[in-house]
Amino acid sequence: GVVDHPRCAFRPQTGGPCMKMAWPILIIAFGAALDLAAKLWARASLEPYGAATEFLPFVALRLTFNHGVSFSLLSFEGEIARLTLLLATAALTASFALWAFRSQGLERIAASSIVAGALANVIDRAVYGTVTDYLDLHFGAWHPFVFNLADVWITAGAILLVFCQFSRKQSNVAVRNSSKTT
């Protein structure tokens with residue numbers, strides 16, 4: 001395995017397998033814990049489906065519950081449907097976790113961020129049967145959607161992954177162009 005050194009207790013070892021494994025674990029654990037704590041606060045402090053409370057210029061606090069996936073897509077009724085959705089999202093989260101541990105650099109950070117958010121949402125769905133949303137994006141009277149911190153982690157990770165792919169393609173083009181001129 002990658003972390004099989006007997007002295008490996010997440011000690012900083014320059015480039016060693018311990019630190020390479022520690023970063024994804026720390027990002028995932030911190031990101032998921034922060035989101036789950038915010039969800040607990042929202043459930044304890046906000047009125048479900050109540051009026052929005054201003055928080056930031058374009059973000060208000062309003063407690064809602066998502067029975068589906070992003071933007072309540074694939075929202076099904078019944079226990080079997082909820083369990084199926086839970087298992088599917090858990091499997092997808094596990095595959096991203098594997099990717100996070102096998103990747104490098106910014107791609108590893110991006111995949112770990114996605115896993116942090118996805119894991120927090122899976123845990124929330126497993127415990128409550130829904131995902132807790134509490135950040136209400138709004139522009140004046142228009143409120144397009146309510147989301148949570150886990151969604152921020154997922155979105156930031158996805159944007160970073162696109163950046164990584166674009167950067168990789170650009171560097172591959174540069175390498176090909178420089179090899180043609182020599």
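Buried means under 20% relative accessible area, exposed means over 50%, and partly exposed lies in between (1.4 Å probe, protein chains only). By that cut-off, Lys39 and Asp35 are both buried. This is a predicted model: local features need pLDDT of at least 70, side-chain atom pairs count only at pLDDT 80 or more, and totals for chains, interfaces and linings use all residues. Residues are numbered from 1 along each chain as its sequence is written, and side-chain values use heavy atoms, with hydrogens and water left out.

**Salt bridges**

- A search of the whole structure finds three salt bridges. The term means a side-chain nitrogen of Lys or Arg within 4 Å of a carboxyl oxygen of Asp or Glu.
- Lys39 pairs with Asp35, and their closest N and O atoms are 2.7 Å apart. Both residues lie in helix α1, four residues apart, about one turn of the helix. Helices (H or I, at least four residues) and strands (E, at least two) are DSSP runs, numbered from the N terminus.
- Lys39 also forms a salt bridge with Asp124, the closest N and O atoms being 3.9 Å apart. Asp124 lies in helix α3 (residues 105–128) and Lys39 in helix α1, so this pair ties together parts that are 85 residues apart in sequence. Asp124 is buried, as is Lys39.
- Arg62 forms a salt bridge with Asp136, with 3.2 Å between the closest N and O atoms. Arg62 is in strand β2 and Asp136 in strand β3, so the pair ties together parts that are 74 residues apart in sequence.
- Arg62 is partly exposed, at 22% relative accessible area. Asp136 is buried, at 1%.

**Nonpolar core**

- The largest nonpolar core has 12 residues, among them Ala38, Leu46, Val59, Phe65, Tyr134 and Phe147. Such a core is a set of buried Ala, Val, Leu, Ile, Met, Phe, Trp, Tyr and Cys residues joined through side-chain atoms within 4.5 Å.
- Helix α1 (17–45) and strands β2 (59–66) and β3 (131–139) each give two or more residues to this core. The largest share, four residues, comes from β2.
- Beyond its neighbours within four places in sequence, Val59 is in contact (heavy atoms within 4.5 Å) with Glu54, Leu135, Asp136, Leu137 and His138.

**Thr93**

- Thr93 sits in helix α2 (residues 79–102). Thr93 is buried, with a relative accessible area of 10%.
- Leaving aside neighbours within four places in sequence, Thr93 contacts Val115, Ala118, Leu119 and Val122.
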